[in-house]
Every structure is written in structure tokens, then in C-alpha cells.
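Let's take a walk through this structure together. Have the sequence and the 3D view open as you read.

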Amino acid sequence: MNAWWFAWDNELDSTDCDELRLLTTQTEFKSGKVGQVDSSLNSKIRSSDVIGIDYTNPYSDFINNLIYKYIVMANRECFGFNLNGMYEFQIGKYGKDDFYAEHMDSNLTNTTSQRKLSITVQLSDSDEYEGGDFVFTKDIPSPDAELIRKKGTIIVFPSFLYHQVMPVTKGVRYSLVGWYEGNDWI
């Protein structure tokens with residue numbers, strides 16, 4: 001834990017991670033888009049495939065039951081944001097040369113609810129791929145690379161922090177990402 005993010009080392013057991021990855025064999029991946037409201041493909045910012053899991057998907061309850069306690073703990077210990085609930089989840093697949101350039105998960109829009117907390121769960125074993133590290137940017141200290149690459153590791157952070165996934169140089173990296181929202185910041 002620090003003032004910027006909250007992480008749990010190897011927290012989800014391998015069985016839960018494998019069950020989440022099983023979704024990737026049952027649902028078709030789509031190219032990852034950029035943006036929340038008017039999302040579009042932009043290969044200069046993002047090259048990855050995703051499976052979107054919104055609140056209407058039966059798997060969203062399973063995922064939320066696995067990770068919600070981490071959102072509550074991180075929010076209570078570090079952030080204190082007013083939250084309404086989950087926004088959506090995605091399972092990301094990063095193959096060779098895939099990446100997600102510097103971005104943040106929150107936009108200040110005219111909607112009454114905003115993404116406030118982001119969560120990332122590592123679903124791959126660290127020896128399944130090379131490169132592909134999750135890092136914070138803009139002078140935010142990043143978690144230790146060895147920690148964040150461990151299967152089952154969870155990190156929760158404010159959605160307005162800039163972060164990126166470095167290019168994968170070998171193998172395939174899988175991760176679960178999700179967002180929890182709350183009333184607008186004003």
C-alpha cells in the first residue's frame with residue numbers, strides 16, 4: 001500500500017485465475033478500443049484484444065464476488081471515494097508487440113457517474129510472457145515488476161492515474177481489468 005495504489009501479492013488462487021481465463025475460450029475477443037463514450041480503434045494508443053463483461057453478463061457477478069472486497073479495502077484504507085458499484089470488466093489479451101500506451105481510465109464527462117477506482121488482476125504466470133509490464137507514469141511510483149507479474153496479484157488505483165502496459169516481446173499476457181464508479185467528482 002502507498003498513497004497512490006493498493007496491491008495484494010499473489011492474492012487470487014490459481015484456480016480462480018484459470019476459471020477467469022476459461023472465459024477466453026468461450027467468448028470471442030475483439031480489438032481493444034480507446035475511450036469510454038465514443039470509443040474507437042487507435043493502434044497508436046492500444047494494440048490488444050479484449051472480452052467485455054458488463055453488468056448484464058452472468059459472469060460479472062462471479063467476478064464482482066471475487067474482487068469487490070479488494071475495492072472496499074483499498075477505498076477504505078487509501079481513497080475514501082463515494083462509489084455506486086461496478087462499471088464493467090474486461091479480460092485483456094496482449095500478444096507479441098501488443099501494448100496500451102499511457103492513458104487514464106476516467107474522463108470528466110457530463111454523466112452523473114464516473115469511473116473512480118480501477119482494478120487489475122494478473123491472470124498469467126510471469127513465465128508465460130516477456131515484456132508487457134504494467135507501470136504508472138507521470139512520476140507515480142510503480143509497483144515492483146516482479147510483484148505485479150505474479151499470477152493472482154491485484155492492484156487497485158484511482159482511475160485518474162496515468163498508466164500503461166509496455167509492449168509484450170514474447171508470449172501472451174492475460175489480465176482482468178475493471179472499474180468501479182461513483183457520482184461525479186463535483
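## Ground rules

Two strands pair if DSSP finds at least two bridges between them. The strands themselves (E, at least two residues), like the helices (H or I, at least four), are DSSP runs, numbered from the N terminus. This is a predicted model, where local features need pLDDT of at least 70 and side-chain atom pairs count only at pLDDT 80 or more, while totals for chains, interfaces and linings use all residues. Residues are numbered from 1 along each chain as its sequence is written, and side-chain values use heavy atoms, with hydrogens and water left out.

## The sheet

Let's begin with the strands. Seven of them make an open sheet, and reading across it you get S1-S10-S7-S13-S5-S4-S2, with antiparallel pairing. S1 (6-8) and S2 (30-31) are the edge strands, each with a single partner strand, so one side of each has no neighbour in the sheet. As background, strands of a sheet pair through backbone hydrogen bonds, either parallel or antiparallel.

Now for some of the pairs. S1 and S10 run antiparallel and are joined by three bridges; here Phe6 has Val156 of S10 as its bridge partner. S7 and S10 also run antiparallel, with five bridges between them, and Leu117 stands opposite Pro158 in S10. S7 (residues 113-122) pairs with S13 (residues 173-183) as well, antiparallel and over nine bridges.

How many residues of strand S10 are buried? In S10 (residues 154-158), five of five are, where buried means under 20% relative accessible area, exposed means over 50%, and partly exposed is in between (1.4 Å probe, protein chains only). In a regular strand the side chains alternate between the two faces of the sheet. On S10, Ile154, Val156 and Pro158 point one way, Ile155 and Phe157 point the other way, and all are buried.

Over in strand S5 (residues 85-94) you'll find Glu88. Glu88 is buried, with a relative accessible area of 17%. Once you leave aside neighbours within four places in sequence, Glu88 is in contact (heavy atoms within 4.5 Å) with Ile53, Asp54, Arg115, Val177, Gly178 and Trp179.

## Two helices side by side

Next, look at H1 (residues 14-26) and H2 (residues 58-79), whose axes come within 12 Å and cross at roughly 160°. Axes here are lines fitted to C-alpha atoms, for helices over the stretch in contact, and angles run from 0 to 180 degrees between N-to-C directions. That makes H1 roughly antiparallel to H2, since angles under 35 degrees count as roughly parallel, over 145 as roughly antiparallel, 65 to 115 as roughly perpendicular and the rest as oblique.

Who makes the contact? From H1 come Asp16, Glu19, Leu20, Leu23 and Gln26, and from H2 come Tyr59, Phe62, Ile63 and Leu66.

Asp97 sits in the loop between S5 and S6 (99-103). Asp97 has a positive phi of about 75° although it is not a glycine. Asp139 is another non-glycine with a positive phi, about 65°. You'll find Asp139 in the loop between S9 (134-136) and H3 (145-148), and Asp139 is exposed, at 82% relative accessible area.

Finally, Asp125 lies in the loop between S7 and S8 (129-131). Is Asp125 buried, exposed or partly exposed? At 33% relative accessibility, Asp125 counts as partly exposed. Not counting residues up to four places away in sequence, Asp125 touches Arg149 and Lys151. Asp125 and Tyr174 are 49 residues apart in sequence but 9.0 Å apart in space, C-alpha to C-alpha.
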